[in-house]
Amino acid sequence: MPGTIIEINKLTKLYNGYRAVNELTLSIEEGEIFGLLGPNGAGKTTTILMLMGLTEPSSGTVRIAGYDSTREPLQVKRIVGYLPDQVGFYENRTALENLVFTARLNGITEEEARKAADELLDTVGLTEVKNKKVGTFSRGMRQRLGLADVLIKNPKIIILDEPTIGIDPKGVSDFLGLIKSLSRERGITVLLSSHLLNQVQKICDRVGIFIKGNLKAVGKIEELAGELLKEGNIEIRIAVKEELNEKIMEKVKALSGITEINSRKREMFIKAKEDLSSPIAKILIDSGFSLLHLSTKEYSLEDIYDFYFGGGAADGKAG
Amino acid sequence: MERQASPFAVLVQKEIGDYIYSWKFLILLGIILLTAIGSLITILSIIKDYAANIDLDNSFLFLNLFTASDGNLPPFITIISFLGPIMGLALGFDVINVERNRGTISRVLAQPLPRDYFINSKFVAALLVIGVSIFSIGFLIMGFSILTLGIYPTLDELLRIIFFLIFTCFYIAFWLNLGILFSTIFHQSATSALAGLAVWLFYTVFYSMLMNLIGNAIYDNQMDLGVFLTRMNRLSPIGLYNELTTILLTPSIRTTTALTFEQLYGALPSTLPFSQSLMLVWPHICGLIAATFICFAIAYLIFMREEIRA
């Protein structure tokens, strides 16, 4: 069993009294892909900077592969690759030169650096433009070059801050696919932050939902969905021609699997664990009601996101 | 097997490369070279007059190459005192903020190297570039003169010139560090460039004007006013450098202050040897180096404490 590689304990960062990160406790296993999700300004970047030892925490500790990020940042930086959200390259240097520069800062000799850079540029699909100046690169190409840049030091962990920002949908899925396959092939632990759940949920083993400096929930996406969907994951809306009465409501309530039911004159809102639309329709029709409208809505990942990000409104944001 | 370079050396190497290939550096070097050649040509045309006046006690003809002028184009020391700050500021004004704005700073600092390597490498690289260019220009002038005039410098003159070039590097390094300081304070490189130019303009144009105004208000006595102005002049890096280089390249200057008649009585009107000239300007040298490092220390502190955000 792989062990814990990142251990965050009660990590707190205060900015002029404002808690940007509040007592964050989290551990990440070796080899997993962890997604740190949250809206802009939730404290994701601050957390990442503290992990890298680039910002000092106000209190709490981070241990990466046994090293304390605050006290031994050099050891941490040796094994962690970090891709900032606005990755910058030396524009008047070529892609290859930029990579070789990073490699040499990591103590790799020039010759080896060139070899490694060539291989990585091939992996990320930039071989054809390796001798072009980075100034001419598109956002997607920069992002791929950024990935090569974090990989050139042969890291155990890579931390990607908003890696999908500003790339087109096709580019995003290619890029994330690349991250996933690299992580699986080389056993690299990946921590990525994003505010777009639907983009990263495909590759993350686990996610943590981070809002206003607080970690609201951690787990596999299905588990998080389960937590939300305890209240029922199907919403059924029914409208009838006649006015609803107590008797019919009792009949409907008697069905198993209903978690919540509300009615208004001629309308009914039901939350259920499964799709009960046809039995309900049958009851209504058998009791002499004429059905005007019946619709069902299933909760999706988007709703999980809305649920947590929207401050936990119980019904999420309906369509 | 290639020896692996330390991260610091790699950073310095990259910085030097950036400077040498940058247009701003080439343009600056071009301006300084052109003016240096211009002043040299003027000198070569008037040096005969100087040579005619030479006597055995004052035979420092070679130093005139750096200090003499025909009135049309200023002498080399004045050109350097004027353009040196521009060179220093131009090399320093954007070193930190451009990296910050481009986002390269967080990428570099995510590599296993101490944070101060970043700012130190900028300083060391710029200093090396300045040193090489100043010495090349200085030696070019000397070499050219030896070729065309057929006179060569004495050891004393050579030492004076070499020390003049070394202190010129420190002088430019002061402005470089001022530029680096502004580049850590201001996040826009245009603001930082303008701030540096404002300081330069203040010292070149307004400082002496201001001091004259203050001095005239305080002192009635011309003698006291003169002392006050000389002292105040030394608080300006430009004034300090001008006094330093003038004394260093003019062996006949025997003192930095006004002398009374009693002190002058019986003195022989001879020139000073190099070591005595150096002693005369020692406080200037200390002041100039101190100012250089104070600027850098402030920039260093600000940089080390600042938040690194992408």
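## Chain B: overall build

Helices are DSSP runs of H or I with at least four residues, and they are numbered from the N terminus. In this predicted model, chain B reads α-α-α-α-α-α-α-α-α-α-α-α-α from its N terminus on. That is 13 helices, with zero strands.

The C-alpha trace of chain B spans about 70 × 55 × 35 Å along its principal axes. The chain has 310 residues, of which 46% are buried. Among contacts in chain B with a separation of 6 or more, 80% are between residues 24 or more positions apart.

## Helices α1 and α7 of chain B

Two packed helices are described by the angle between their axes and the distance between the axes. For helix α1 (residues 7-21) and helix α7 (residues 116-149) of chain B, the axes come within 8 Å and cross at roughly 50 degrees. The two helices are therefore oblique to each other. Their crossing is right-handed.

On the side of α1(B), the contact includes B:Pro7, B:Phe8, B:Leu11 and B:Tyr19. On the side of α7(B), the residues include B:Tyr117, B:Phe118, B:Val124 and B:Leu128. Sorted by class, this contact has 13 nonpolar, two polar and three charged residues. Among the residues taking part are B:Lys14 and B:Glu15 of α1(B), and B:Lys122 of α7(B).

## A loop residue in chain B

Where in chain B is B:Thr256 found? B:Thr256 lies in the loop between α11 (237-249) and α12 (261-264). Its relative accessible area is 22%, so B:Thr256 is partly exposed; the cut-off for buried is under 20%.

Neighbours within four places in sequence aside, B:Thr256 is in contact with B:Thr230, B:Arg234, B:Glu243, B:Ile247, B:Leu280 and B:His284. B:Leu244 is twelve residues from B:Thr256 along the chain, and the C-alpha atoms of the two are separated by 9.6 Å.

## Helices α3 and α5 of chain A

In chain A, helix α3 (residues 95-105) packs with helix α5 (residues 139-151) at an angle of about 30 degrees, and their axes are 9 Å apart. That angle makes α3(A) roughly parallel to α5(A), because angles under 35 degrees count as roughly parallel. The crossing of α3(A) and α5(A) is right-handed.

From α3(A), the residues in contact are A:Ala95, A:Asn98, A:Leu99 and A:Thr102. From α5(A), they are A:Leu145, A:Ala148 and A:Asp149. By class, the contact has four nonpolar, two polar and one charged residues.

## Positive phi in chain A

A:Lys10 is not a glycine, yet has a positive phi of about 45 degrees. A:Lys10 is found in strand β1 (residues 4-15) of chain A. With a relative accessibility of 48%, A:Lys10 counts as partly exposed.

A:Glu162 is another residue other than glycine with a positive phi, near 45 degrees. A:Glu162 is found in the loop between β7 (157-161) and α6 (169-186) of chain A. Is A:Glu162 buried or exposed? At 6% relative accessibility, A:Glu162 counts as buried.

## Confidence in chain A

The mean pLDDT of chain A is 85, and 91% of its residues reach 70 or more. Within chain A, confidence is highest in α3(A), at 94, and lowest in helix α11 (residues 301-309), at a mean of 67.

Over residues 311-319 of chain A, pLDDT stays under 50. The model has twelve contacts beyond four places in sequence for these residues. Where pLDDT is low, the predicted coordinates should not be read in detail.

Notes:
Residues numbered from 1 in each chain as written. Chains lettered and ligands numbered in written order. Predicted model: local features only at pLDDT ≥ 70, side-chain atom pairs only at ≥ 80, totals over all residues. Heavy atoms only, no water. Axes fitted to C-alpha atoms, helices over the stretch in contact; angles between N-to-C directions. Parallel < 35°, antiparallel > 145°, perpendicular 65-115°, else oblique. Left-handed = near helix turned anticlockwise from the far one by under 90°. Contact = heavy atoms within 4.5 Å. Nonpolar A, V, L, I, M, F, W, Y, C, P; charged D, E, K, R; others polar. pLDDT = per-residue confidence, 0-100. Buried < 20%, exposed > 50% of the residue type's maximum accessible area, 1.4 Å probe, protein only.
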